[in-house]
Amino acid sequence: GCTVVLFEQRCNASVALCHGGLPGTYNIGAALTPWQEVRCDAIFFAGGSLYGLDAASGVRQFVEEHLRPVPAKRSGDFLDLLGGIVAGAVLFDLLVGSSTARPDSAMGYAAAAAASRAPVVQGSVGAGCGATVGKFFGLERAMKGGVGSVCLQTHSGVRVGALVVVNALGNVFDCDRGLTLAGARKPTGEFVEFSQLLEKGFPAHAQSGPHTTLGVIVTDAAVDQHVLAKMAQAGHSGVARAVRPAPTSFDGDTFFAVTTARKALPAQPPLFSLDAICHLASEAVRLACLRGVREARSLGGIPGIAE
């Protein structure tokens with residue numbers, strides 16, 4: 001599957017350095033540095049591992065046709081010649097269902113065309129179709145992950161939202177309730193935590209590659225590129241509070257941060273206001289991870305909480 005986030009206006013974006021040992025990304029090089037503004041028209045997430053990167057051309061085609069047609073006359077901004085600036089990342093889900101069912105350009109185009117202002121459909125949809133969590137013992141005793149989305153707001157009205165695709169080696173843990181929501185299971189159905197593997201020597205089986213949590217964090221506050229970089233890094237902190245363990249050498253977690261810049265910050269923002277935005281970025285990601293597994297349906301013989 002494929003999930004696409006479109007921006008009505010070209011937005012400034014950043015991306016945090018990929019955490020874990022096996023990332024799969026598209027067009028993130030410039031966004032890795034906070035030294036200059038980097039703009040973006042769309043961000044996509046896809047299954048299919050590296051094959052899923054083919055979805056980028058379909059997303060770009062849709063953007064050029066419907067959002068950013070190349071102008072007939074040249075302007076002074078060379079970026080106007082780029083009708084569709086697209087970035088994205090992929091996750092490994094080829095072990096769920098058919099390994100030949102891979103996202104391609106047509107699927108990227110269709111996902112972009114299906115984007116709307118309606119509430120985000122969550123769970124086993126889009127890039128979350130083949131997402132799984134808790135793979136210490138392989139897929140046989142794993143559970144479904146999926147797409148989750150949460151938007152938080154400060155007292156002053158600044159909003160910070162996150163869309164996350166949870167596909168982790170580790171278990172998903174709700175620290176508010178102090179319990180594991182989804183993850184690796186014993187034959188009796190009880191959850192097994194990573195710490196128990198280390199302490200009790202349970203025979204584990206983790207294949208390299210089939211893990212990665214992806215996300216995009218969006219704020220309407222007009223923050224600069226340095227704050228966007230901190231927001232993207234905060235996304236990884238959110239995963240670390242929701243997934244145990246995270247990140248591992250088998251993960252390729254990648255987080256983008258974007259501002260629509262609709263709310264101007266005061267010339268001298270109140271103390272901690274920028275830290276508050278980064279905190280909400282982390283918290284939105286954590287809560288989106290929980291929602292992604294809560295909304296995930298069973299698929300391909302892998303159980304989901306939403307059945």
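1. Valine 285 touches Ala162, Val164, Ile217, Gly235, Gly238, Val239 and Phe255, leaving aside residues up to four places away in sequence. Touching, or contact, means heavy atoms within 4.5 Å. Apart from the core described in point 3 lies another core, of 20 residues, among them Phe7, Phe45, Ala87 and Val165.

2. This is a predicted model, in which local features need pLDDT of at least 70 and side-chain atom pairs count only at pLDDT 80 or more, while totals for chains, interfaces and linings use all residues. Residues are numbered from 1 along each chain as its sequence is written, and side-chain values use heavy atoms, with hydrogens and water left out.

3. Val285 is also one of the residues with the most contacts inside the largest nonpolar core, together with Val164, Ile217 and Met231; this core has 36 residues. The largest share of it, 10 residues, comes from H5. A nonpolar core is a set of buried Ala, Val, Leu, Ile, Met, Phe, Trp, Tyr and Cys residues joined through side-chain atoms within 4.5 Å. Buried means under 20% relative accessible area, with a 1.4 Å probe and protein chains only.

4. In the chain as a whole, buried residues make up 51% of the 307 residues. The chain has 5 helices and 13 strands; these are DSSP runs (helices H or I, at least four residues; strands E, at least two), numbered from the N terminus.

5. Which strand supplies the largest share of the lining of the largest pocket? S1 does, with 9 residues. The lining has 40 residues in total, and Val5, Ser116, Arg117, Ala118 and Val120 lie nearest the pocket centre. A pocket is an open set of points on a 1 Å grid over the protein atoms alone, where a 1.4 Å probe fits, with protein on both sides within 12 Å along at least five of seven lines; lining residues have an atom within 4 Å of a point.

6. The volume of the largest pocket is about 1,500 Å³, taken as the space filled by probe spheres set on the points, which are joined across faces, edges and corners.

7. An open sheet of 3 strands has the order S10-S9-S12, with antiparallel pairing. S10 and strand S12 (243-244) each have a single partner strand, so one side of each is left without a neighbour in the sheet. Strands pair if DSSP finds at least two bridges between them. Strand S9 (residues 171-174) and S10 are joined by 3 bridges; in one of them, valine 172 is partnered with alanine 182 of S10.

Technical notes:
Buried < 20%, exposed > 50% of the residue type's maximum accessible area, 1.4 Å probe, protein only.
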